[in-house]
Amino acid sequence: EALILKDDYDTILEKSIELVVDAQKNHDVVVIEGVEFNARNPFTEKLNLDLASTFQSGVIFAGNAGHNSLCEIGEYLNLYIKRFAPLKNWIAGYIANKMADQVLTTEEMACQILTDQSIACLGLIEDNPALTDVKDVVRFIEGHLQLHSVIAHLNAMVEHPITTPAFFKYRLMEKAREANQRIVLPEGDEPRTLKAALICHERQLAQCVLLGERAKIEAVAAKEGLTLPESLEIVEPLNVCDQYVDTLVKLRQHKGMTEEKAKAQVKDSVVLGTLMLANDDVDGLVSGAVHTTADTIRPALQLLGTDQN
C-alpha cells in the first residue's frame, strides 16, 4: 500500500519476483497467494492480474461461499474467469470454502451448476464452526481438497524460463548487480539524473558517481524531496579536473591540444567524465538529460574512439 501511494507500482512486481525466485531455489512448486479484494484496496484486482501475468502462473480461484447461492457463486466465478481469460494462463480450478447448507452429490455436478465454462472443482468445503484449533481446521480443509488434476498437470509441464517483460527487467537488473560497475553521471545536479542515481544506488544496480557541485546537488535534492545517502559518491569537478589535463593533452596532442586548451576543456562535465572513463577511473558514463546527443557522443569519439574489433 505504501508503494502504491508513492506511485511505485513497479517495485511491487520486482520484489515479488525476488521472493519467488528465492523460493524456487529449493522447491519444485511455488504457491503465490493473491491479494484479497476489498473496497478499501481497489488496486487488488489489477495486482492479482499483473502477478499472474508476470509469472505466467496457473490460477486457482478460492473464496468463502458464505450465504451465497450456488448460482451467485457461479456468477462470481464466471466473472473472474473472464477477467483472467486475456492472460491465457492455465485456469487450474476453484475452491469454495464455508459452504452453507449446500448439498452436492459430486464435484462434477458442482462444476455444472457453478459455472458455464469448463473449470475443475478442487474442493467444496462445508462450514464447520465447531472447529477452533488451527491444526484441526487445516486437516479438515485438506480432507476436502481434490488436487489430483493440478498435480498431474504440474508433473506434465515442461520447464522453461519465464520471459515476461517484468522477468526480463529483473534478469537485467541481476546482471547489473553482478557487474557492479562504477558509472559517472556528468549531469549530477539534473533532477531526473539525481532520481535515477538514487534508485540505482538503493537497488545496488551500479556505483553511481554524481559529477557536479555538492551544494547544487544538495539543493536539487532538497527541492525534489530526496534524501542523499552518505554512501552516494559526489565528485566536484573543480577538485579533480586538473589531474586529467595531461591525459587530455596526450589523447589530443596530434590535433594540436595544448595544456592551456586542455585546462579550459576539462571544465566541461561531459569531457571530464569521458576522461575519467578513458583513464579507467570509471567503467561507464551516462549523459544526455541536458546535453545534446552530439555533445555527449563527440568527446567519446575524440577521446575513446570506436571498437575496431
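Tutor: Of the 309 residues in the protein chain, 33% count as buried; here buried means under 20% relative accessible area, exposed means over 50%, and partly exposed lies in between, with a 1.4 Å probe and protein chains only. This is a predicted model, in which local features need pLDDT of at least 70 and side-chain atom pairs count only at pLDDT 80 or more, whereas totals for chains, interfaces and linings use all residues. Residues are numbered from 1 along each chain as its sequence is written, and side-chain values use heavy atoms, leaving out hydrogens and water.

The protein chain carries 29 positive and 46 negative side chains, where Lys and Arg count as positive, Asp and Glu as negative, and His and the chain ends are not counted. The structure holds 15 salt bridges. A salt bridge is a side-chain nitrogen of Lys or Arg within 4 Å of a carboxyl oxygen of Asp or Glu.

Consider E14 and R203, whose side chains meet in a salt bridge at 2.6 Å, N to O. This pair links distant parts of the chain, 189 residues apart: E14 lies in helix α2 (residues 9-24), and R203 lies in the loop between α9 (191-202) and β5 (207-211). Helices (H or I, at least four residues) and strands (E, at least two) are DSSP runs, numbered from the N terminus. E14 counts as buried because its relative accessibility is 9%. E14 and R203 also belong to a network of salt bridges that includes D10 and K169.

Two further pairs lie within single helices. The side chains of E259 and K263 form a salt bridge of 3.5 Å, N to O. Because E259 and K263 are 4 residues apart in helix α13 (residues 259-265), about one helical turn separates them. E259, at 45% relative accessibility, counts as partly exposed, and K263 is partly exposed as well, with 42%.

In helix α15 (residues 293-303), D295 and R298 are 3 residues apart, about one turn of the helix. Their side chains meet in a salt bridge of 3.2 Å, N to O. D295 is partly exposed, with a relative accessible area of 33%, and R298 counts as partly exposed at 39%.

To review the placement, E14 and R203 are 189 residues apart, whereas E259 and K263 are 4 residues apart and D295 and R298 are 3 residues apart.

Conventions
Charge placed at Lys NZ, Arg CZ, Asp CG, Glu CD.
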